[in-house]
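Let's walk through this structure together, one piece at a time. Keep the sequence and the 3D view side by side as you read.

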Amino acid sequence: MATTRDGLDQARSAAQSLHAALTDAAARPGGPVKSDFEAMPTKAQAIADQVGQSLDVQNAIARQALDEALRFLDATHKSTAEALMSSGQATEHFIRQAISHARRAVDKISEAVAARRAHNAPRDPQT
Amino acid sequence: MRNFVAVVFADKARAYKGLRALWELDGIGQITVHGSTVVHRDDHGHIVVDSKETHPVFATAVGVGVGALLGAFAGPVGMAIGIGTGVAIGAATGAVIGGAIDLDRADTRQEALVDTGMVLYRGQSAVIADVSEDWLAHLDEAMERLGGAVHRRSSEELHAQGKPHDDYRGHSDYLYPYEYVPGEYPAHVG
C-alpha cells in the first residue's frame, strides 16, 4: 500500500486542521476571540486551491466528491470572513456555520481519498 | 464500503490506544476514517462522549447525534433510547449535560444480543467511527490485538432501514474528522 502523501492527502490534513482550529475557537471559555480565526479565510482558500490542483489526476468518483468539497470550502471561506466582520452573537453564528461547512469539506475530501484507495485496492471477498 | 463501527474496549486507556490505531490505519492507507469519537460508560450507567464542545445547546446536539449512532449498534430499543435522550457530554470539559442512555436495561440488552451483540457495560469504553474500508481484516486484526471487539453497521443499510429523521450521515458530523484526544488523556496515547 502506497503511503506517499500527495496534494490530496495534504489538502485533507489541512482541512482537518482548519476544522480543529475552528472548533477550538468555538470551544474557548467565554466565547470565540477574533484573533483565533483571522487567518482562517485565507487557509480555507489555500485548501480550495490545493484541492483544485489535484482534481485532474483523480478518478470520476473522487472528482465528484472534490467538486462538492470545493463548494463547502468556499462556504467556509465566506462564513469565516463574515465572522471577522461581525460581532457578538452574529460572530458565533458565522463560526458555527463555518464549522459545519468545514466538517462537510473534510468529509468530501476523505470520500475522494477513500475512492482513490478503493480504486487501487485489491477486492476483499468479505465486502 | 462505508461502515459505522463501534469497537468496545475494557477501559478508557485501551479505547484511546484503539483510536490511535484506527487513525494509524488511515495514515498508511488501509482504511479511510471520516470521523471518530470515544464514549465511556461510567459507574452510574451513564454514557459520556468525549467532546471539546462547551456550549450547552451544541453539546446536547452532539449527545443526541452520537447517541443515535450508538443506538444503531444496540438494536431497535437502543436506537429509540439514543435518539430520544442523547448521551451525556463531558469528560473533556467536566460538564455533564443532558440525559443518559442506559444500555444495561434487561430489555435493551436482549435486543442488543439479538441484533448486533453490541453492549457497553459499566466501566467500558468504545471507539465510534465512520470509516471506508476495502478490506475488513485490517481493522478487525488491529483492534483484536488491542483487545477490542468490533461491531459494524453498513452506512447504506442504516440509511435504508432508517426513518426519515434518522440521518446517520448527519449524525456522523458530530464525530471528529481527525484524532481528537481530550487533554486529560495524554498518557493514553503514543
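B:Asp42 sits in the loop that joins strands S2 and S3 of chain B; helices (DSSP H or I runs of at least four residues) and strands (E runs of at least two) are numbered from the N terminus. This is a predicted model, in which local features need pLDDT of at least 70 and side-chain atom pairs count only at pLDDT 80 or more, while totals for chains, interfaces and linings use all residues. Residues are numbered from 1 along each chain as its sequence is written, and chains are lettered from A and ligands numbered from 1 in the order in which they are written.

Is B:Asp42 buried or exposed, or partly exposed? A residue is buried if 20 or more other C-beta atoms lie within 10 Å of its own, exposed if 12 or fewer, and partly exposed in between, with C-beta atoms placed from the backbone. B:Asp42 has 15 other C-beta atoms within 10 Å, so it is partly exposed. In sequence B:Asp42 and B:Gly123 are 81 residues apart, yet from C-alpha to C-alpha they are 5.4 Å apart in space.

Now widen the view to the chain around that loop. Chain B contains 7 helices and 6 strands, and along the sequence they follow the pattern β-α-β-β-α-α-β-α-β-α-β-α-α. Of its 190 residues, 48% are buried. Two residues are in contact if their C-beta atoms, placed from the backbone, lie within 7 Å. Among contacts in chain B between residues at least 6 apart in sequence, 72% join residues at least 24 apart.

What lies inside? A nonpolar core is a set of buried Ala, Val, Leu, Ile, Met, Phe, Trp, Tyr and Cys residues joined through C-beta atoms within 7 Å. The largest such core has 40 residues, and B:Ala6, B:Val39, B:Ala126, B:Val127 and B:Ile128 have the most contacts inside it. At least two residues of this core come from each of these elements of chain B: strands S1 (2-9), S2 (31-41), S3 (47-49) and S5 (125-133), and helices H1 (12-27), H2 (56-73) and H5 (136-145). H2(B) gives the largest share, 8 residues. In soluble globular proteins, nonpolar side chains tend to be buried together.

Leaving aside neighbours within four places in sequence, B:Ile128 is in contact with B:Ala6, B:Ser36, B:Thr37, B:Val39, B:Val66, B:Leu69, B:Leu70 and B:Leu175. One of these partners, B:Leu69, belongs to helix H2 of chain B. B:Leu69 has 26 other C-beta atoms within 10 Å and is therefore buried. B:Leu69 and B:Ser172 are 103 residues apart in sequence, but 7.6 Å apart in space, C-alpha to C-alpha.

Next, step across to the partner chain. The two chains meet where 16 residues of chain B are in contact with 22 residues of chain A. On the chain B side, 6 of the touching residues are nonpolar, 6 polar and 4 charged; here Ala, Val, Leu, Ile, Met, Phe, Trp, Tyr, Cys and Pro count as nonpolar, Asp, Glu, Lys and Arg as charged, and the others, Gly among them, as polar.

Chain A has 4 helices and 0 strands, and its C-alpha trace spans about 55 × 30 × 20 Å along its principal axes. Of its 127 residues, 40% count as buried.

How do its helices pack? Helix H2 (residues 40-54) and helix H3 (residues 60-85) of chain A pack at an angle of about 165°, with their axes 8 Å apart; axes are lines fitted to C-alpha atoms, for helices over the stretch in contact, and angles run from 0 to 180 degrees between N-to-C directions. H2(A) and H3(A) are therefore roughly antiparallel to each other (angles over 145 degrees count as roughly antiparallel, under 35 as roughly parallel, 65 to 115 as roughly perpendicular and the rest as oblique). The residues of this H2(A) and H3(A) contact divide into 11 nonpolar, 5 polar and 1 charged.

Helix H1 (residues 7-26) of chain A packs with H4(A) at an angle of about 155°, and their axes are 9 Å apart. That makes H1(A) roughly antiparallel to H4(A). The contact of H1(A) with H4(A) involves 16 nonpolar, 4 polar and 4 charged residues.

Finally, A:His119 is found in helix H4 (residues 89-120) of chain A. A:His119 has 13 C-beta neighbours inside 10 Å, so it counts as partly exposed.
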